[in-house]
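Open your viewer and get ready to select residues by number. We will go from stop to stop and see what is there.

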Amino acid sequence: MERGAKEKNHQLYKPYTNGIIAKDPTSLEEEIKEIRRSGSSKALDNTPEFELSDIFYFCRKGMETIMDDEVTKRFSAEELESWNLLSRTNYNFQYISLRLTVLWGLGVLIRYCFLLPLRIALAFTGISLLVVGTTVVGYLPNGRFKEFLSKHVHLMCYRICVRALTAIITYHDRENRPRNGGICVANHTSPIDVIILASDGYYAMVGQVHGGLMGVIQRAMVKACPHVWFERSEVKDRHLVAKRLTEHVQDKSKLPILIFPEGTCINNTSVMMFKKGSFEIGATVYPVAIKYDPQFGDAFWNSSKYGMVTYLLRMMTSWAIVCSVWYLPPMTRETDEDAVQFANRVKSAIARQGGLVDLLWDGGLKREKVKDTFKEEQQKLYSKMIVGNHEDRSRS
Amino acid sequence: MGSRSSHAAVIPDVDTIRRETGFSQASLLRLHHRFRALDRDKKGYLSRMDLQQIGALAVNPLGDCIIDSFFPSRSQRLDFSGFVRVLAHFRPVEEESPGIRDPKQPEPLNSRMNKLRFAFQLYDLDGDGLISRQEMLQVLRLMVGVQVTEEQLESIADRTVQEADEDGDGAVSFLEFTKSLEKMNIEQKMSIRILK
């Protein structure tokens, strides 16, 4: 199974992103002109005017988005072309044949009774080693030996955790790996991204302080080497966040920071808007593209549907997590670029490398509404069609 | 273990819906999946807010009118059958020879007449069966926002109502509406094809 997955790794995994409806990619102008042309028999000249039929365009476009829009579908797991014997990815559940059901039953048995206990044992070992190891290293005096030990303890524990999930990872272009004093940005699909990247390099983590088991792990990790953990209250204060990140980045002895600028988990078929905060700091940015192959197990974490523990259990009962990681060449902000343009440039590079759709929409749309400025764009375009530019109008 | 995916038995009254809307089983399953994806709080029905959160719909100038067409007569809840009934207007018209259809059956929701009636209702804001000059003005204002002056808009509304109005009552009735659009290929322009 591992060999088979490795062979597939060398090409890009093509996402199955067919929408559920057939759409024509024409612009507002073209479509309205076509509607008018099909409706009236008079010769179509370019005088701006209004027709009763114009409403059809907006009406249909609106209905199309209700049936299927680019953003909402990014927040649910990707559909597969062919079934991989996991009932969770079975979209149109139908009884097909006895043989398939038997195969599926066998699969369940193997996954739950054989793979799951093994993986849980490994995960347990990995996490406890991490906590114990980093605490022990924390007692050493600061110096090169401590740094050396902490790096290796971290690395070893992440590698064990990777094995616990049976993650089969192919790293490309490892010469571009992030260096000290830089910021590593990547697209975000699940919390596992962190483990995948950290098992191949040394990073300083950034995140909110959690309670419970996560909190214990966080406190232990920060004893061994400096990570950047924020209190819940501090997260709202953008200047404070920027200041702490800048301080960390300017200290060349500290490890590169790992950040996911989308701010939320997306289902790995597209890359959404990057928040500009990390791009304002002025450090070198090392983009990384992570693409999962959903054939063996979907890694997307739908946080509104599953909690963390349920999610991890689902991960450990999939066949495997297969992914590719591309390290892209480092980028810096040009003098005539602002943070938003820089963020978009990095985002396009990551989307292109990973074969993902580059979207302008904000990942925050998972929870909030969109701004009115976009609607005004549409209104402007349409007004031009019915009244033309002000200079053109000779009679009112 | 995982989530139960949508099964035909989960959709209530699936046979009635299928008969009324003419959607295939597969299309209904997809629409039901979509309905559940839009229903973020898992209430079992959709509210106006759920539809307003679709980004691409919020930027559509007629977005609110379209949402209103799903919620007739001041109800605040949209269940699946209501959802599908509205969408059924946009089902592509099948190629069938005339005369085979049983005249006693009600007209299918996606017929030319019903598609026109749906568009007419978008204009006819108070639902009295007539598009008055005022209503025309309001809809136009929605479509252009602040880009056009009041006078320009008024002259456009006047002209449009005059052109379509035949019996001179100063408003456009449904028959006048259909007459002015009789050459339009409604079947194609108001259809959305669902891929298997």
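Is Phe279(A) buried or exposed? Select Phe279(A) to begin: with a relative accessible area of 1%, this residue is buried. Keep in mind as you look around that the model is predicted.

Now for the rings. A pair of aromatic rings is described by the distance of the centres and the angle of the planes. Over all chains, the count comes to 13 aromatic pairs. Start with Tyr57(A) and Phe58(A): their ring centres are 5.3 Å apart and their planes meet at 70°, so this pair is edge-to-face, as angles over 60 degrees are. Both partners are hidden from the surface by the under-20% cut-off: Tyr57(A) counts as buried at 6% relative accessibility, and Phe58(A) counts as buried at 0%.

Move over to chain B and select Phe35(B), Phe70(B), Phe80(B) and Phe83(B), which form one aromatic cluster.

Back in chain A, look for charges over rings. Show Arg111(A) with Trp319(A): the arginine lies over the ring face, 5.5 Å from the ring centre. Then show Lys151(A), whose charged end sits over the ring of Tyr202(A), 4.9 Å from its centre.

Which residues make a nonpolar surface patch of about 500 Å²? Select Leu106(A), Leu109(A), Ile110(A), Phe114(A) and Leu118(A) to see the patch. Leu106(A) is found in helix α4, residues 98-138 of chain A.

Key: Residues numbered from 1 in each chain as written. Chains lettered and ligands numbered in written order. Predicted model: local features only at pLDDT ≥ 70, side-chain atom pairs only at ≥ 80, totals over all residues. Heavy atoms only, no water. Patch = residues over 30% accessible without salt bridge, like charges linked within 9 Å, V, L, I, M, F, W, Y side chains within 5 Å. Areas by Shrake-Rupley, 256 points an atom, 1.4 Å probe, with all protein chains shown as cover. Salt bridge = Lys/Arg side-chain N within 4 Å of Asp/Glu carboxyl O. Helix = DSSP H or I, 4+ residues; strand = E, 2+ residues; numbered from the N terminus. Phe/Tyr/Trp six-rings, centres within 6.5 Å; stacked < 30°, edge-to-face > 60°. Buried < 20%, exposed > 50% of the residue type's maximum accessible area, 1.4 Å probe, protein only. Lys NZ or Arg CZ within 6 Å of the ring centre and 35° of its normal.
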